[in-house]
Amino acid sequence: MTPAPEDAEHVDTEALSGYLHSASGSPRGVVALTHGAGGNCNAKILQLMCTRFAAHGFVALRYDLPFRRRRPKGPPQPSRAGEDREGVAAVAAATREYSDGPLILGGVSYGGRQVTMLAAERPGIADGLLLMSYPLHPPGQPDKPRTKHLPALTAPSVFVHGDRDPFGTLDELRHALALVPAPTTLVPVEGAAHDLGRAKADPSEIAVRAVLALVDGQAR
């Protein structure tokens, strides 16, 4: 791993491995975010999001999935995706100890998809979801949507998506979100493709505010 920023602490336990960003003031909740198929917990968008969440009073964790803990490079194995979901579940259980406030789970691309699948399988595992660059379908294959589990999502969710993402257009994503019975918010990122860390403008502020609005609305 690359060195942690000054405001993040490296953590490595049986349940999780990554960097923990301390909350500004008394923690109002916890957010745990993970990476995509080709990255790790040092992805720029994860650092931006966690730094922003910490500034808004959340304990923020960016962590590696089990497949990345097994080897530093290479894609995940589809046959072992269930192990990655179990890894997310272990992180959710471990991070509940950091605050009595809401727990937000999320991730980038593959990581976000595994989070949604886990949340569909285990309602109540999180109080909200943050999905960045959700891989709605393989590039160039809109006839192979990854939406079967979406009608089982019960957690309020924020989807942050580039308007040039080859894994799904904004219109395709809007149609997919209509399948989700829980409240959803779509945050479009202008001029961005699949890697939101390369977006012209930092999308973390608007994304974090969307998450806070959705979770606060559910708490009323």
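Helices H3 (residues 81-95) and H4 (residues 110-121) have axes that come within 9 Å and cross at roughly 75°, and the two helices are therefore roughly perpendicular to each other (angles of 65 to 115 degrees). Axes are lines fitted to C-alpha atoms over the stretch in contact, with angles from 0 to 180 degrees between N-to-C directions; helices are DSSP runs (H or I) of at least four residues and strands (E) of at least two. On H3 the contact (heavy atoms within 4.5 Å) is made by Ala81, Asp84, Arg85, Val88 and Ala89, and on H4 by Tyr110, Gln114, Val115, Met117, Leu118 and Glu121. The model is predicted, with pLDDT of at least 70 needed for local features and 80 or more for side-chain atom pairs, whereas totals for chains, interfaces and linings use all residues. Residues are numbered from 1 along each chain, and side-chain values use heavy atoms, without hydrogens and water.

The largest pocket holds about 490 Å³ of space. A pocket is an open set of points on a 1 Å grid where a 1.4 Å probe fits, with protein on both sides within 12 Å along at least five of seven lines, and its lining residues have an atom within 4 Å of a point; the volume is the space filled by probe spheres set on the points. Of the 27 lining residues, Gly36, Ala37, Gly38, Ser109 and Tyr110 lie nearest the centre. H4 gives the most to this lining, with 4 residues.

The structure holds 12 salt bridges (a side-chain nitrogen of Lys or Arg within 4 Å of a carboxyl oxygen of Asp or Glu). One of them joins Asp216 and Arg28 (3.5 Å, N to O). Asp216 lies in helix H6 (residues 204-219) and Arg28 in the loop between strands E2 (17-21) and E3 (29-34), so the pair ties together parts that are 188 residues apart in sequence.

Terms used: Angles under 35 degrees count as roughly parallel, over 145 as roughly antiparallel, 65 to 115 as roughly perpendicular and the rest as oblique.
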